[in-house]
Amino acid sequence: PEAMSFYRIALNRDPHNIDYRISLDNIFTEMGQYDSSNRILIRIAREHSDHGSGCYFGIGCHFLGLQEFDNAQESFRRYLFLEPDGEYAEEAEELLVMIHEDIESMTYEDEEQQHAQDIAEQGKNELDAGNYGKAVETLLHALEIDRDMVYARNNLALAYFLNEDV
């Protein structure tokens, strides 16, 4: 948070400095604030075509963190279109395969698993809204139903980290 305030001051003085903007993006990423990171990267990609392709790879990674798989796929595909032999091309292709496999495996065996998934999604929404205590409570409930739900465990760990009361 301290570094974030320094970069914001620097950006107020030099709002077009890409290095400052990318550094602020990295801070948001480290804090798990992927929406804020994406806003920065999308703006850079639109304003600076020479940096755009790398931004799309980062945007895709952030969408993965947000569990927005369709947007992640679109971002990785855009990156590969712009830089088919780029620095992150192999990783982008692997992530596209992984996303496809994950989507295929997200068929639920029974209503109980679907119910747990719905509750975990509510927990993620609470987390995104900054309601960390409620997110912890909701995600714990989802894990009571389905202990093996990695998605809920990851979000629970983040909710615990962000919840100062725990």
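Modeller: Burial first: buried means under 20% relative accessible area, exposed over 50%, and partly exposed in between, with a 1.4 Å probe and protein chains only. The model is predicted, so local features need pLDDT of at least 70 and side-chain atom pairs pLDDT 80 or more, while totals for chains, interfaces and linings use all residues. Residues are numbered from 1 along each chain as its sequence is written, and side-chain values use heavy atoms, without hydrogens or water.

I pick helix H9, residues 150-162. Some setting first. The chain has nine helices and zero strands (DSSP runs numbered from the N terminus: helices are H or I, at least four residues; strands are E, at least two). The pattern along the sequence is α-α-α-α-α-α-α-α-α. The C-alpha atoms fill a box of roughly 50 × 40 × 20 Å along the principal axes. Of the 166 residues, 38% are buried.

Now H9 itself. Which residues of H9 are buried? They are Tyr 151, Ala 152, Asn 155, Leu 156 and Ala 159. Down the axis of H9, these buried residues fall within an arc of 125°, so they line one face of the helix (the arc is taken over directions from the helix axis to the C-beta atoms). On the face turned away from the buried side, H9 carries the exposed residues Val 150 and Phe 161.

What does the buried face of H9 meet? It packs against helix H7 (111-128) and helix H8 (132-145), where contact means heavy atoms within 4.5 Å.

Leaving aside residues up to four places away in sequence, Arg 153 touches Leu 143 and Arg 147. Pro 15 sits 138 residues from Arg 153 along the chain, and their C-alpha atoms are separated by 38 Å.

In H7, the buried residues are Ala 116, Gln 117, Ile 119, Ala 120, Gly 123, Lys 124 and Leu 127. They cover an arc of only 165° around the axis, which puts them on the same side of H7. The cover over these buried residues includes H8 and H9. After H7 comes Gly 130, with a positive phi near 85°.

Elsewhere, Gln 67 has a positive phi too, near 60°, and is not a glycine. Most residues other than glycine have a negative phi. Gln 67 sits in the loop between helix H4 (49-65) and helix H5 (69-82). With a relative accessible area of 28%, Gln 67 is partly exposed.

Last, the chain as a whole. Among contacts between residues at least 6 apart in sequence, 40% join residues at least 24 apart.

How values were computed:
Expected span 1.5 Å × (residues − 1).
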